[in-house]
Amino acid sequence: MTAPKVTQSDIRHDWTKEEVESLIRLPFPELMFRAQTLHHRYFDPTKVQISTLLSIKTGGCPEDCAYCPQSARHEKGVKAERLMAVEKVLTEARAAKAAGAGRFCMGAAWRSPKEHDLDAVCDMIKGVKSLGLETCVTLGMLNTNQTQRLKDAGLDYYNHNLDTSEEFYDTIISTRTYQERLDTLANVRDAGINVCCGGIVGMGEDLSDRAGLLATLANLPKHPESVPINLLVRVEGTPLGDAEEVDPITFVRMIATARIMMPQSHVRLAAGRENMTDEAHALCFLAGANSIFCGEKLLTTPNPAEHRDRQLLSSLGMTPMVQSEEDMGSLRPQVATNTTTEALHA
Ligand code: SF4
């Protein structure tokens, strides 16, 4: 596939929330058509990026994210464990590579990493890279010194989600601010690390919050290279354990709108796939999702078994992306039509 011509008007950073709301509400066939048009323009729609996610430090997190079983503040939180040994992580990375993963993501339940923990994480990054895998980590908030250390270790991607709109955010998390998240994203971007940033659907937010999240993501000075859209996994013992279920069409509308607004980004179907039907998966792919996590666990919540994903992709005639195809979309230089300053935060 030859590199797509970037159309200036496709890549925008000046979305209003009202405009995004109107997009999400479009008649479904029209929304899907627009999403598919852009998906076909920037990617091969038969290809899906496959990543593997490993929890390298589980539970005991001091933050109070209402959806997360790893928070030490919630009743029945996941038992706190120590940081995994580097060699054990590399054993998992070798297995992921053998299973076909191109990217290996490592998550730690921290507010922010301590210096000695960062030493070990840097060793993990170097080790995973030496296996020929791309690396991504999610470690909480980072300052500029920490982002530089990760960059020097060879980190490819940093995941730090905004979760929801700025307006709804306070009802979900009280221990870190929206601005602190934006600051970490800016530090990551300034260090030259690719950004993975998205949110969660199903936490009790309304349409305007979903639109606000997407507008904030797309209005960053550069679109995140990866945009994970999670469907809330309702975990018993967390404040959102009995949140109202979101219907699949609402979720598909979020995926399609993200694809339209950030056409060069990999839009990832992240948490919540375990209970999603094959038909809902197919609609998400048609809406422009082109990245999934494979493996039976996503940090601490269940994920479809690998053989189910293989069967699903095969029945849809879809195949894993190889590195050169991944580069087609997100790693291409972006055309900014409304270039805001770096101070607006990434
Ligand atoms: S989402 Fe991350 S920061 Fe929030 S409680 Fe869970 S592990 Fe901690």
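Which residues are around the ligand? They are Cys 61, Glu 63, Cys 65, Cys 68, Gln 70, Ser 71, Ala 109 and Gly 140, where being near the ligand means having a C-beta atom, placed from the backbone, within 6 Å of it. Sort this shell by class and you get four nonpolar, three polar and one charged. For that sorting, Ala, Val, Leu, Ile, Met, Phe, Trp, Tyr, Cys and Pro count as nonpolar, Asp, Glu, Lys and Arg as charged, and the others, Gly among them, as polar.

A word on what you're looking at: this is a predicted model, with local features needing pLDDT of at least 70 and side-chain atom pairs counted only at pLDDT 80 or more, while totals for chains, interfaces and linings use all residues. Residues are numbered from 1 along each chain as its sequence is written.

Next, the database record. An unreviewed UniProt entry puts its "binding site" annotation on Cys 105, Cys 136, Cys 196 and Arg 268; positions follow the numbering used here, feature names are shortened, and such annotations may be inferred rather than shown by experiment. These four are spread over 164 residues of sequence, yet they cluster in space, with a largest C-alpha distance of 13.9 Å. Cys 105 sits in strand S2 (residues 103-108). Strands (E, at least two residues) and helices (H or I, at least four) are DSSP runs, numbered from the N terminus.

Now for the helix packing. Helix H3 (residues 86-98) and helix H4 (residues 115-130) cross at roughly 30°, and their axes come within 9 Å. Axes here are lines fitted to C-alpha atoms, for helices over the stretch in contact, and angles run from 0 to 180 degrees between N-to-C directions. H3 and H4 are therefore roughly parallel, since that label goes to angles under 35 degrees, with over 145 being roughly antiparallel, 65 to 115 roughly perpendicular and the rest oblique. On the H3 side, Val 86, Val 89, Leu 90 and Ala 93 meet Ala 120, Asp 123, Met 124, Gly 127 and Val 128 of H4; contact means C-beta atoms, placed from the backbone, within 7 Å. That contact has seven nonpolar, one polar and one charged residues.

Move on to helix H9 (residues 248-261), which packs against helix H10 (residues 278-286) at about 20°, with the axes 8 Å apart. That angle makes H9 roughly parallel to H10. Pro 248, Val 252 and Ile 255 of H9 make the contact with Ala 280, Leu 283 and Cys 284 of H10, so by class it has six nonpolar, no polar and no charged residues.

H9 also packs with helix H1 (residues 17-25), at about 125° and with axes 9 Å apart. This pair is therefore oblique. Val 20, Leu 23 and Ile 24 of H1 touch Arg 253, Thr 257 and Ile 260 of H9, a contact that divides into four nonpolar, one polar and one charged.

Technical notes: Two residues are in contact if their C-beta atoms, placed from the backbone, lie within 7 Å.
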